[in-house]
Amino acid sequence: MLFLVISHWESFCLSPASNLEPRLTNPDLICDVILSADIISTVEFNHSGELLATGDKGGRVVIFQHEEECKNRLQLRGEYNVYSTFQSHEPEFDYLKSLEIEEKINKIRWLPQQNSAHFLLSTNDKTIKLWKISERDKRAEGYNLKDENGRLRDPFRITSLRVPVLMPMDLMVEASPRRVFANAHTYHINSISVNSDHETYLSADDLRINLWHLEITDRSFNIVDIKPANMEELTEVITAAECHPNQCNVFVYSSSKGTIRLCDMRAAALCDRHTKFFEEPEDPSSRSFFSEIISSISDVKFSHSGRYMMTRDYLSVKVWDLNMENRPVETYQVHEYLRSKLCSLYENDCIFDKFECCWNGSDSAIMTGSYNNFFRMFDRNTRKDITLEASRESSKPRATLKPRKVSTGGKRKKDEISVDSLDFNKKILHTAWHPKENVIAVAATNNLYIFQDKIN
């Protein structure tokens, strides 16, 4: 696999062409100091894969576009460059609750493209915004009421009627906010998901899920509420929610107890009673102090076909058949070697990290992240897996990424890394897979890596 590296918002790239050479736009832009605001917090391809959006803790959204000259050349299909950058959210302060609201972008979701413009939803802890991304390469000239500088003309001096004409100009990409959906969540928003009807979407926080219409900003419908009458009786929280890709009435949400509930909005207006309940029985022999923490589900994703769903807990990825509730049909261990390190991971709070997962376009493979900038890929047909590292230091031009292995025993083989040498500050939490091609995006702290299949 060859790779293109985008270091934060400026590009430091190794082009995946046959004559692979590093290109650095400005060496001064690459530095070892990582600012908190620069850490990437979400990554998302649009439905065609032409655009890739990232959000960071500083409230910025950066969109990368497939290079125009690369689209008809297979050798360059993985090259993306900056298309648009804009500030989506600003830090706020809730004076009633004396609470600071971070500008960090929690999720980005693209809407299906209906015209030449693109639309996406972005959210921080409290407010969801709908953005329109459009191009402009022409400007109107020859106004009647304005002069060339834009100043209003004296109406009494206008003696003739002019027809404005469109003149070419340099391409400009505009990002404009079209809707702001606010004041509907008491707790922090952890998920948004666009429905298959393309008119509504879900937003979920720790205790509630709301249904919004994309054209209505002043109200939403609460469809799930698990808040108990007495908060001391609270035993679980909602961790993720997603709409079914084909059935607009079906959605799922996961909990911190490791359970998944599938709900049908046709059954009742308030979906507190689930239609299906997915849970794998726990093995009593393996129960420990950390069992409840590591069983919490951090991400849930429907397959593109809608037949399966995938869940990610701390140590594993599980694939569930929607027709079988009692156990998953596939279980993949992501970093089982960390089970012996749970005590130290609890002490440094890494055990609470929320890893995401994603499907490839054909649902035949899945991907998720790990520590030491490792990410794992699993082939569902062959049951083979591979561990790769997203790092400039471990990758060279004109070379494929070498599989990495973690040694758990005393004697370590060549090219293996000891489990005690893993860097838990380097972690792959956010990943995305191109909907049609074998191109993946991996966020490693403040770096975005784009990998593609090796081209012979």
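A contact here means heavy atoms within 4.5 Å. The model is predicted: local features need pLDDT of at least 70, side-chain atom pairs count only at pLDDT 80 or more, and totals for chains, interfaces and linings use all residues. Residues are numbered from 1 along each chain as its sequence is written, and side-chain values use heavy atoms, with hydrogens and water left out.

**Exercise 1.** Describe the surroundings of Glu 242.

*Solution.* 
Step 1. List its contacts beyond four places in sequence: Ser 193, Leu 202, Phe 251, Val 252, Val 300, Lys 301 and Phe 302.
Step 2. Look for a charge partner. Glu 242 is buried but forms no salt bridge, and the nearest side chain of opposite charge, that of Arg 109, is 5.3 Å away. Buried means under 20% relative accessible area, exposed over 50%, partly exposed in between (1.4 Å probe, protein chains only). A salt bridge needs a side-chain nitrogen of Lys or Arg within 4 Å of a carboxyl oxygen of Asp or Glu.
Step 3. Check the backbone: the Glu 242 side chain comes to 2.6 Å from the backbone nitrogen of Phe 302.

**Exercise 2.** Find the polar partners of the Thr 368 side chain.

*Solution.* 
Step 1. Thr 368 sits in strand 27, residues 365-369.
Step 2. Its relative accessible area is 1%, so Thr 368 is buried.
Step 3. Its side chain makes a polar contact of 2.6 Å with the side chain of Arg 312 (N or O atoms within 3.5 Å, one able to donate a hydrogen and the other to accept it; residues adjacent in sequence count only if both atoms are side-chain atoms).
Step 4. A polar atom of the Thr 368 side chain is also 2.7 Å from the backbone oxygen of Glu 356.

Terms used
Lys and Arg count as positive and Asp and Glu as negative; His and the chain ends are not counted. Helices (H or I, at least four residues) and strands (E, at least two) are DSSP runs, numbered from the N terminus.
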